[in-house]
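This report describes selected aromatic contacts and strand pairings. Please look at the sequence and the model first.

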Amino acid sequence: MKKSILIFGLCLLFAVGCNQSNKTAQDKDFDLFSLEDFVDLINHDDEATAAKCGMTFLYEGEIVDDMEGEEGVEGDIDDAGFYVVAFGKDMKKGEQEWDYQGTSDHAYFYEVSVATSINQDLCFVNQKDANAFYEKLSQQEVVKGEREFSVTPKENNLGGQYLLLEATDDSGDIFSVDPPELMDGFYVIAIYKYV
């Protein structure tokens with residue numbers, strides 16, 4: 001009887017140990033880039049900084065929107081042009097300008113579009129990855145990359161939550177970071193730089 005209890009106990013320890021190893025391997029799949037690299041990325045938007053976040057170049061170019069202007073003339077809203085640059089991990093570019101496709105379950109990309117304002121989007125294929133990244137950022141009080149930013153949870157007039165990142169130096173740089181939202185098949189964390 002003691003021998004079978006001992007064998008059962010050893011089997012149980014082995015099973016728990018294997019499960020922990022497997023959990024560690026699964027958690028490793030969800031490892032994303034550091035928050036320090038993230039704040040550097042939103043400040044620089046360049047290929048070298050994107051590479052620190054595990055991303056490579058995807059697309060760069062100007063896109064002219066064919067929206068109708070006030071007088072009904074196509075392209076009449078100051079040409080309604082956007083300049084776009086994008087970097088991604090496990091992503092490929094489709095045939096259209098804004099057509100990106102993930103090649104793994106943990107693919108993500110970062111896109112900056114500049115028109116009359118600067119819009120930055122961090123987009124994930126996997127909802128858990130997007131939520132984990134946002135949650136990790138929301139738990140910080142300060143994130144220090146090349147520059148230091150305080151992180152403050154805020155609420156807008158409609159009761160929506162977001163994070164405010166404020167540079168602690170004299171630059172006055174401020175970013176708002178929205179929680180993930182499903183848009184066009186990706187879980188998008190929208191980032192706006194106050195100018």
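## Strand pairing and aromatic contacts

Val177 has Ile191 in strand E12 as its bridge partner. E10 and E12 (residues 186-194) run antiparallel and are joined by 4 bridges. Strands pair if DSSP finds at least two bridges between them; helices (H or I, at least four residues) and strands (E, at least two) are DSSP runs, numbered from the N terminus.

The model is predicted: local features need pLDDT of at least 70, side-chain atom pairs count only at pLDDT 80 or more, and totals for chains, interfaces and linings use all residues. Residues are numbered from 1 along each chain as its sequence is written, and side-chain values use heavy atoms, with hydrogens and water left out.

Strand E10 (residues 174-177) is also joined to strand E9 (residues 161-167) by 4 bridges, and these two run antiparallel. Ser176 in E10 is the bridge partner of Leu164. E9 and E10 form a hairpin with 6 residues between them, and Gly172 in the turn has a positive phi of about 75°.

The whole structure holds 9 aromatic pairs. Rings of Phe, Tyr and Trp (its six-membered ring) pair if their centres lie within 6.5 Å; planes under 30 degrees apart count as stacked, over 60 as edge-to-face and the rest as tilted. Two of the pairs are tabulated.

| Pair | Centre distance | Plane angle | Type |
|---|---|---|---|
| Phe38 and Phe133 | 5.1 Å | 75° | edge-to-face |
| Phe124 and Phe133 | 6.1 Å | 40° | tilted |

Phe38 in helix H2 (residues 35-44) and Phe133 in helix H4 (residues 127-138) are 95 residues apart. Both Phe38 and Phe133 are buried, that is, under 20% relative accessible area, with exposed over 50% and partly exposed in between (1.4 Å probe, protein chains only).
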